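Subject: Structure handover

Hi,

Here is the structure for you to look through. My notes on what was found in it follow below.

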Amino acid sequence: MSGLGTNRNIIIVGFMGTGKSTVSRLLSERLGWESKDTDEEIERLAGRSIKQMFAEDGEQVFRDWESRVLKDILSRGRQVVATGGGAVLRESNRRAMLSGGWVVSLTADKASLIRRVTSSAAAGTRPLLAGDAEERVSTLLETRRHAYDFAHVAVDTSKRSPAEVAELLASWLPESWN
């Protein structure tokens, strides 16, 4: 695992619905590390939901918050960090992630993503999917096709449970990280 950032963090990136938040919580429990979710941290610090932020201030203001929170979180170590799906859109965020630890990209096939993001639990929580969710997923997948390619490793979650993904990632870590 040479070429990793100086801090021992695991940064999980990927499109919405790939399982970033769930996998990061399971992996952090397995390792005894802190779990951080950048979206949850933004909501906590801003005192409002991401959906409200998008509606009131627009995506750019949210992306500025995202960059600040990501940089702050990555200044520490021994964390499993789940990022928002669009955190990779800024070059400065990608650089911060690469210098902040081991970057893992979670992927899934389009049918799995659509099923996950349109479930009743996810309904109304994803501002970028306003309108026809299936069409929006297809469009966003196309525009972000290579956005996650910078990650050190990619794992397809289509046919794996979050627990299986967390165990797989834990098995790939060097002994010195455990």
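**A buried asparagine**

Asn93 is buried, at 3% relative accessible area. Buried means under 20% relative accessible area, exposed means over 50%, and partly exposed lies in between (1.4 Å probe, protein chains only). Asn93 sits in helix H5, residues 91-100. Helices (H or I, at least four residues) and strands (E, at least two) are DSSP runs, numbered from the N terminus. Setting aside residues up to four places away in sequence, Asn93 touches Ser67, Leu70 and Ala87. Contact means heavy atoms within 4.5 Å.

**Ground rules**

This is a predicted model: local features need pLDDT of at least 70, side-chain atom pairs count only at pLDDT 80 or more, and totals for chains, interfaces and linings use all residues. Residues are numbered from 1 along each chain as its sequence is written, and side-chain values use heavy atoms, with hydrogens and water left out.

**The sheet**

The model has an open sheet of 5 strands, in the order E2-E3-E1-E4-E5, with parallel pairing. Two strands pair if DSSP finds at least two bridges between them. Strands of a sheet pair through backbone hydrogen bonds, either parallel or antiparallel. Strand E2 (34-37) and strand E5 (153-156) stand at the edges. Each has a single partner strand, so one side of each lacks a neighbour in the sheet. On average, neighbouring strands of this sheet are turned by 20 degrees against each other, direction ignored.

How well enclosed is E1? 6 of the 6 residues of E1 are buried, so the strand is largely enclosed by the rest of the structure. In a regular strand the side chains alternate between the two faces of the sheet. Both faces of E1 are covered. Asn9, Ile11 and Val13 are buried on one side; Ile10, Ile12 and Gly14 are buried on the other.

E1 pairs in the parallel sense with strand E3 (residues 79-82) over 4 bridges. There, Ile11 stands opposite Val81. E1 also runs parallel to E4, joined by 5 bridges. Ile12 has Val104 in E4 as its bridge partner.

Strand E4 (residues 102-107) is joined to E5 by 4 bridges, again in parallel. Ser105 is the bridge partner of Ala154 in E5. Helix H8 (residues 162-172) packs on the sheet and touches E4 and E5. The direction of H8 makes about 155 degrees with that of E5. Axes are lines fitted to C-alpha atoms, for helices over the stretch in contact, and angles run from 0 to 180 degrees between N-to-C directions.

**Helices H3 and H4**

Two packed helices are described by the angle between their axes and the distance between the axes. The axes of helix H3 (residues 50-57) and H4 come within 7 Å and cross at roughly 130 degrees. H3 and H4 are therefore oblique to each other. On this scale, angles under 35 degrees count as roughly parallel, over 145 as roughly antiparallel, 65 to 115 as roughly perpendicular, and the rest as oblique. Ile50, Met53, Phe54 and Asp57 in H3 meet Glu59, Val61, Phe62 and Trp65 in H4.

Phe62 is buried, at 4% relative accessibility. Beyond its neighbours within four places in sequence, Phe62 is in contact with Asp39, Ile42, Ile50, Met53 and Phe54.

**Annotated binding sites**

UniProt, in an unreviewed entry, lists Asp39, Arg63, Gly85 and Arg144 under "binding site". UniProt positions are given in the numbering used here, feature names are shortened, and annotations may be inferred rather than shown by experiment. Of these residues, Arg144 is in the lining of the second largest pocket. On a 1 Å grid over the protein atoms alone, a pocket is an open set of points where a 1.4 Å probe fits, with protein on both sides within 12 Å along at least five of seven lines; lining residues have an atom within 4 Å of a point.

Arg144 lies in the loop between helix H7 (133-143) and E5. Arg144 is buried, with a relative accessible area of 5%. Arg63 is in helix H4, residues 59-73, and is buried at 9% relative accessibility.

**A positive phi**

Most residues other than glycine have a negative phi, and most peptide bonds are trans. Arg78 has a positive phi, near 55 degrees. Arg78 lies in the loop between H4 and E3 and counts as partly exposed, at 40% relative accessibility.

Best wishes
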